[in-house]
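Hi there,

Here is the structure I promised to pass on. Please have a look at it first, and then read my notes below.

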Amino acid sequence: MKSLSLILICLLILSLVSLFSIGIGRYPVSPGDLFSWLSTGHSSDDNLQVILFNIRLPRLIGAIAAGGALAMSGAAYQGMFRNPMVSPDILGVSSGAGFGAALAILLSLPVAGIQLFSFAGGITAVLIAVSVSKTIGRSHDSVLVLVLSGIIISSLFGALLSMLKYIADPDDKLPAITYWLMGSLANIRMNDLWVILPVLIAGSIPLMLVSWRLNVLSFGEDEARSLGVHTGWMRVIIILSATLVTACIISVSGIIGWVGLIVPHLARFIAGPNHRLLLPTSFLFGGIFMLVVDDIARSLVSVEIPIGIITAILGAPFFIYFLKRSAKKSW
Amino acid sequence: MERKISLDLRRADLGYEGRVVLHDINLSIQSGEIVCLLGPNGVGKTTLFKTILGFIKPIAGSIVIDGRNIAQFALKDFARLVAYVPQVHNSPFPYKVRDVVLFGRTVHLGLFASPGQKDREIANSFLDLLEIQHLADRSFTELSGGERQMVIIARALTQEAKFIILDEPTSNLDYGNQVRVIRKIKEMRKQSVGILMATHSPDHAFMIGSKVVVMDNGSLYRYGTPEATLTEETLKKIYGVDVDVFDTPSNGTCRRKICAPVMDL
């Protein structure tokens, strides 16, 4: 089985990168210490025990979850919108989440409040975008109307966010908002994971279940319907699932761009366009990519670099390469 | 012998939001029969197809398959009865031809399932039937127009519907590919499917030699065999140009009519 071996190879690489990543950081961990911690679950060094279990491990799992969820949602959206230029925030989830987080920061809410506001903001923005597209009506190309509604709502929430930044205290609140918007995995702890992981699973399972029909959907509304695929329901399932996981990830990590756009391309290049294989491969590639990016973020210079900056710097040339390649060949 | 079923339009007015494009349409297609639809641009062929496919609802009258109004069918049940071969196909992603044909099985699968061995065999048999097995592992997006048309026809057959609606299957094809596609469509009668096919070439209707429907001015103008229907007079009326219709030079068994537009010297 070609597809099974691809998944196994991805899992192997993910494990190796994870092992490497957990040793990286300000507090050095020798391979020997790591091995004894892994094999026994304990370490002679108490500091090491705390660092590995309370900081590095949650961050590692958080990075895999974030990269995986964003990449898989991106792949599903690209299939549904029949457009390889689409990213998971096309319907406004990021700008909604950014606005929610900024509002919570402005109100001096605790971390859990920021997460909740950002999650709610992301979901709200998408719901508004979908409602707007419904009111515009059925006489137009529904996919196009949906994308345009998403752009309108994104830009609206972007403006609201700018307003909050404008009135925010420039010494205290504004830097916090700015820093949040650049994205970071530094503050993920075990108790965050207990929230993220169930939502992630709840959102991923429906996406995987409809992955075959997603292929048919990418041929367009009329063809998909004549092949027996209920396009309206499919869109509901995909938008709901992708929004749920993306909003959830953004609420703990801040805004991390590019991953949901470029990783699906990379995955499609290796796994082919069949969503049955593309979705899980995108998830694993996303996880690997995010681990590597996070390693760079926390080890390149002595202070941590916000992760959204690195994904953009890596993403731009990557994407140019894919565009150049696609000019010769199809996606 | 499989039971014949029919797709009927009964006194149907078709159009969009109160604007009637086609008035009082009565038409019947039996499984195992090929009906060619001819008519000038803008006469309402697309409206007719969209209505038969359930994308738009008839303004009045009904469309009935095997005695049941199509408005009562669930999407899934409908897709098991009627398959569609659209005029232009594009997918933004380079699916393998084998997979594209396999997409025809979707309607026979459970909501969350993917195709199994049996579905693959069915898809494979239609790749053989249309003689496109050699394309199976190529990307759909890299194929020529004629090859794509064959793949989409194979997909429609794989759907195992009772009726197939083809929207100008020979448009954008070179001469050789047009003939190849028409030959295959003619052979498809053996699959006991009913075929409704729009075409701009009266010759295609003569080649297929089955029923012809001529549309003009918002209604069905003529219905019958190609020989009886596609007369010089009718062609002049609907297309507004002079056309000679004559027999092919007799060279043995296969004799049919062909048409040639009249040209000034």
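What follows is a short tour of what I found.

First, the ground rules. This is a predicted model, in which local features need pLDDT of at least 70, side-chain atom pairs count only at pLDDT 80 or more, and totals for chains, interfaces and linings use all residues. Residues are numbered from 1 along each chain as its sequence is written, while chains are lettered from A and ligands numbered from 1 in the order in which they are written.

On confidence, the model has an ipTM of 0.89 and a pTM of 0.91. Chain B has a mean pLDDT of 89, with 97% of its residues at 70 or more; pLDDT is the predictor's confidence in each residue, from 0 to 100.

**Where the chains meet**

The contact draws 24 residues from chain B and 24 residues from chain A. Two residues are in contact if their C-beta atoms, placed from the backbone, lie within 7 Å. On the side of chain B that touches chain A, helix H2 (75–81) and strand S6 (82–85) of chain B each supply at least two residues. H2(B) gives the most, with three residues. Helices (H or I, at least four residues) and strands (E, at least two) are DSSP runs, numbered from the N terminus. By class, that side of chain B holds 14 nonpolar, seven polar and three charged residues. Here Ala, Val, Leu, Ile, Met, Phe, Trp, Tyr, Cys and Pro count as nonpolar, Asp, Glu, Lys and Arg as charged, and the others, Gly among them, as polar.

**The antiparallel sheet in chain B**

Four strands of chain B make an open sheet with antiparallel pairing, in the order S2-S1-S4-S5. Its edge strands, S2 (19–30) and S5 (68–69) of chain B, each pair on one side only. Two strands pair if DSSP finds at least two bridges between them, and S1(B) and S2(B) have eight bridges in the antiparallel sense. Tyr16(B), for example, stands opposite Arg19(B) in S2(B). Helix H1 (residues 45–52) of chain B packs on this sheet and touches S1, S2 and strand S4 (60–65) of chain B; its direction makes about 120° with that of S1(B). Axes are lines fitted to C-alpha atoms, for helices over the stretch in contact, and angles run from 0 to 180 degrees between N-to-C directions.

**Strand S7 and Phe163(B)**

S7(B) pairs in the parallel sense with S6(B) over four bridges, and also in the parallel sense over four bridges with strand S8 (residues 194–198) of chain B. Leu166(B) in S7(B) is the bridge partner of Val85(B), and Ile165(B) stands opposite Leu196(B) in S8(B). In a regular strand the side chains alternate between the two faces of the sheet. Phe163(B) and Ile165(B) point one way from S7(B), Ile164(B) and Leu166(B) point the other way, and all are buried. A residue is buried if 20 or more other C-beta atoms lie within 10 Å of its own, exposed if 12 or fewer, and partly exposed in between, with C-beta atoms placed from the backbone.

Phe163(B) counts as buried because 24 other C-beta atoms lie within 10 Å. Beyond its neighbours within four places in sequence, its contacts include Leu7(B), Ile29(B), Leu81(B) and Val193(B). By contrast, Phe246(B), in strand S11 (residues 243–247) of chain B, is exposed, with 10 other C-beta atoms within 10 Å. Leaving aside neighbours within four places in sequence, Phe246(B) is in contact with Lys257(B) and Ile258(B).

Most residues other than glycine have a negative phi, and most peptide bonds are trans. Arg11(B), in strand S1 (residues 6–16) of chain B, has a positive phi of about 45°. Arg11(B) counts as exposed, with 12 C-beta neighbours inside 10 Å. Asn172(B) has a positive phi near 65° and is found in the loop between strand S7 (163–166) and helix H6 (175–187) of chain B. Asn172(B) is partly exposed, with 15 C-beta neighbours inside 10 Å.

**A helix in chain A**

Helix H8 (residues 190–209) of chain A has 20 residues that should span 28 Å at 1.5 Å a residue, and its end C-alpha atoms are 29 Å apart, which agrees. The expected span is 1.5 Å times one less than the number of residues. Among the buried residues of H8(A) are Ile196(A), Leu200(A) and Leu207(A). The buried residues of H8(A) pack against helices H3 (46–80), H9 (211–217), H11 (231–253) and H13 (275–299) of chain A.

Best wishes
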